[in-house]
Amino acid sequence: MRECQVLQNEWAGLYDDARRRVERSPRMRQYQDTILGEWSPWPDHLRWVIKAKVSEIVEWAETIRRDCE
């Protein structure tokens, strides 16, 4: 049980960091729903959003949206 709580806290912190980064970037903000969606594996995706180049994330989000139309 305690291990689950630790993971939930870690993921919540990752999500908050990723969300802040997206909200602060005019280029990423328009793709917020795509970027912050529940992608698997969730923690790895959030770490990528926190660390990757904005241009890489935006290109990925544009591809996802285009492919889903």
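**View 1. Surroundings of Arg29.** Once the neighbours within four places in sequence are set aside, Arg29 is in contact with Val22, Glu23 and Arg24. In this predicted model, Arg29 belongs to helix 2, which covers residues 26-29. One of the contacts can be described in more detail, for the side chain of Arg29 reaches the backbone oxygen of Glu23 at 2.8 Å. Arg29 has a relative accessibility of 42% and counts as partly exposed. Its C-alpha lies 9.5 Å from that of Val58, although Arg29 and Val58 are 29 residues apart in sequence.

**View 2. The chain as a whole.** The chain holds 5 helices and 0 strands, and the order of its elements from the N terminus is α-α-α-α-α. Of its 69 residues, 28% count as buried. Among the contacts between residues at least 6 apart in sequence, 63% join residues that are at least 24 apart.

**View 3. The largest nonpolar core and Ile35.** In soluble globular proteins, nonpolar side chains tend to be buried together. Here the largest nonpolar core has 14 residues, and the members that touch the most others are Val22, Met28 and Ile35. At least two residues of this core come from each of helix 1 (2-24), helix 4 and helix 5. When neighbours within four places in sequence are left aside, the contacts of Ile35 are Val22, Met28, His45, Val49, Ile57, Trp60 and Ala61.

View 4. Helix 5 runs over residues 54-68, and its 15 residues reach 21 Å from the first C-alpha to the last, close to the 21 Å expected at 1.5 Å a residue. Which residues of helix 5 are buried? They are Ile57, Val58 and Ala61, and because they cover an arc of only 95° around the axis, they lie on the same side of helix 5. Glu59, Arg66 and Asp67, by contrast, are exposed on the other side of helix 5.

**View 5. The buried face of helix 4.** In helix 4, the buried residues are Trp42, Pro43, His45, Leu46 and Val49. Seen down the axis of helix 4, these residues fall within an arc of 160°, so they line one face of the helix.

View 6. A pair of aromatic rings is described by the distance of the centres and the angle of the planes. A search of the whole structure finds 3 aromatic pairs. In the pair formed by Trp48 and Trp60, the ring centres are 5.4 Å apart and the planes stand at 75°, so this pair is edge-to-face. Because Trp48 lies in helix 4 (residues 42-51) and Trp60 in helix 5, the pair ties together parts that are 12 residues apart in sequence. Trp48 is partly exposed, with a relative accessible area of 24%, and Trp60 likewise counts as partly exposed, at 22% relative accessibility. Together with Trp39, these residues Trp48 and Trp60 form one aromatic cluster.

**View 7. Trp39 and Thr34.** Trp39 is found in the loop between helix 3 (32-35) and helix 4, and with 30% relative accessibility Trp39 counts as partly exposed. Apart from neighbours within four places in sequence, Trp39 is in contact with Thr34, His45, Trp60 and Ile64. The contact with Thr34 includes a polar approach, in which the side chain of Trp39 reaches the backbone oxygen of Thr34 at 2.7 Å. Is Thr34 itself buried or exposed? Thr34, whose place is in helix 3, has a relative accessible area of 9%, and it is therefore buried, a class that requires a value under 20%. With neighbours within four places in sequence again left aside, Thr34 is in contact with Trp39, Trp60, Ala61, Ile64 and Arg65.

View 8. Most peptide bonds are trans. The bond from Ser40 to Pro41, however, is cis in this model, with omega near -5°. Pro41 is located in the loop between helix 3 and helix 4, and Trp39 also lies in that loop.

Methods:
Residues numbered from 1 in each chain as written. Predicted model: local features only at pLDDT ≥ 70, side-chain atom pairs only at ≥ 80, totals over all residues. Heavy atoms only, no water. Helix = DSSP H or I, 4+ residues; strand = E, 2+ residues; numbered from the N terminus. Expected span 1.5 Å × (residues − 1). Buried < 20%, exposed > 50% of the residue type's maximum accessible area, 1.4 Å probe, protein only. Arc of directions from axis to C-beta. Phe/Tyr/Trp six-rings, centres within 6.5 Å; stacked < 30°, edge-to-face > 60°. Core = buried A, V, L, I, M, F, W, Y, C linked by side-chain atoms within 4.5 Å. Contact = heavy atoms within 4.5 Å. Polar contact = N/O pair within 3.5 Å; in protein donor to acceptor, adjacent residues only side chain to side chain.
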